[in-house]
Amino acid sequence: MRRGSPATTNLVGGFCLFLVAAAGGLLAIGPEFTALSDARTAMVETQDRNSVLASQLASLEKQSKRLGETRRTALDLEAKFPSTADQPGLFDAVTASALGAGIGADDLISVAPAAPQIAGTDPVTGLPVEGSAALLARQTVSVSISGTFEETQRFLENLEQMTRAYLVTSVTFAGGEDADSYATTVSGTMFVMPPVPDPMKSTDNTMTLGG
Amino acid sequence: MMQMRRGHHPRPGLPAVNLLSDAAFERLTTRRLRIRYLLAGVALVALLAATWAVQHARVAEARGLVAVERGETTRLEAETQTLAPVRAFVAGVDLQAQTVETNMEAEIYFSEVLDGLRRASPPSVRLASVAVTTATAAEPPVAGAAEAVPVLSACPGPDPFNTREVVGCITLSGTASSRFEVGELVVNLGDDPLFVEPFVSITTSGDTAGVEFSGSVGLAREAYSKRYGQPAKIVAETVSP
């Protein structure tokens, strides 16, 4: 094959065209296709993430609008499971229950609240048990009264209607010398639970929330 | 091509003289080929450039859209972050509600238990002592814990082959005018949905008129207040006294 012949020119020309096409495809067009594909993938991922975030935000805005209701629930829960032992409140409530049942202050023989113990702690060492959440403390509360059967029943009814939750676990009553009089001891558990921080009361939070 | 030229007929009236050699024809052909390849190359480059330009524009457009979407992401994240305390508050209150429900679900209205005892007692029966203990008293339920563990009930029942669920046990003692009245008390307790498995363990005739008795009766699930939800089932085993 001679140099400069038509056959050689065809061969060289065809090869050069192929080279230009290949180089252009690999070095110029290919990266652009890759970049376009990457951009579209990134767009889809970002749109998906935005969709999730928008959904979360909608849920949060809904929660934010219902913050007042949630706050009332929190207050109601705090009334049932207060953040401290609240002994003055406890004595007032038990005394009111007794008086409401017709049992005088003298016949409210004893109110004995034990110190609250955090649930999930070792009773011997007092150290938290691994894996337990220090969300709740329990205290045993015993109340002794003297009264008739009906008074005792009304007293129990009043204890059940107290704002503070009182999980009565045992009741013992025994008749005294007076046929109508019974000495009754009520034992049960009350709970102490730390409150959840209210976002509106947070000092470092300047946002405006509905509810 | 050269063959074709050679095959041409001379125009009529004009002399047809070709003095070029075959090599010259070949050079001319090669030159034309080179020009064509050059033009084809230019066209190819132009096509590549156009394709690149279109793709580049599409990439730029897509990246612009990505930038817009990422801007939206930033805005959404900022707003979500702003409302994060609300989420923590709501989640905390929900957890507290669950904790209250879990710990109080075993609540029993003891006033109704006493009322039931009074309803079941015939007129001559006087209860001297009553002790009520719930089955879950030893280990109150903890939020997130598994169901209540089986409890060994201290409440004996009349049918050892057909024990029933007992959520608490009442031990009682008192006096009655006769054993018939004591039996009536047992029947009445058995008929009351609050109570299950009444069992009198002893009746004695004392110095005074009538009989003294002592026994026990179990508390049925109906005794639960249920205002905090349905408590977990308690698997109770009855043991002999």
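I began in helix α2 of chain B, which holds both B:Arg75 and B:Glu79, four residues apart, about one turn of the helix. Helices (H or I, at least four residues) and strands (E, at least two) are taken as DSSP runs, numbered from the N terminus. The model is predicted, so local features need pLDDT of at least 70 and side-chain atom pairs count only at pLDDT 80 or more, while totals for chains, interfaces and linings use all residues. Residues are numbered from 1 along each chain as its sequence is written, chains are lettered from A and ligands numbered from 1 in the order in which they are written, and side-chain values use heavy atoms, with hydrogens and water left out.

**Salt bridges**

I looked up the B:Arg75 and B:Glu79 side chains and found a salt bridge at 2.6 Å, N to O. The term stands for a side-chain nitrogen of Lys or Arg within 4 Å of a carboxyl oxygen of Asp or Glu. B:Arg75 is partly exposed at 38% relative accessible area, and B:Glu79 is partly exposed at 27%. Here buried means under 20% relative accessible area, exposed over 50%, and partly exposed in between (1.4 Å probe, protein chains only).

Next I took B:Glu107 and B:Arg227, whose side chains meet in a salt bridge at 2.7 Å, N to O. B:Glu107 lies in the loop between α3 and α4 of chain B and B:Arg227 in the loop between β5 and β6 (236-238) of chain B, so the pair ties together parts 120 residues apart in sequence. B:Glu107 is buried at 3% relative accessibility, whereas B:Arg227 is partly exposed at 36%.

Over all chains, I count 10 salt bridges in the whole structure.

**Contact between the chains**

I then turned to the contact (heavy atoms within 4.5 Å), which takes 81 residues from chain A and 70 residues from chain B. The two chains bury about 6,600 Å² between them, 69% of it on carbon and sulfur atoms. Buried area is the accessible area (1.4 Å probe) that two parts lose on being put together, summed over both. B:Tyr37, B:Phe89 and B:Gln96 supply 11% of the area that chain B buries against chain A, more than any other three residues.

Two salt bridges run between chain B and chain A. One of the salt bridges I looked up joins A:Arg49 to B:Glu77 at 2.2 Å, N to O. On the side of chain B that touches chain A, two or more residues each come from α2 (22-82), α3 (84-104), α4 (110-120) and β1 (126-134) of chain B. The largest share, 30 residues, comes from α2(B).

**Strands**

I checked pairing, which requires at least two DSSP bridges between two strands. Strand β4 (residues 167-175) of chain A pairs with β1(B) in the antiparallel sense over five bridges, and A:Thr172 has B:Ala131 as its bridge partner.

Within chain B, seven of the nine residues of strand β5 (residues 211-219) are buried. Strand β3 (residues 168-176) of chain B pairs antiparallel with β5(B) over nine bridges, and B:Gly174 has B:Phe213 as its bridge partner. Strand β4 (residues 195-205) of chain B also runs antiparallel to β5(B), joined by eight bridges. I noted B:Ser205 opposite B:Val211.
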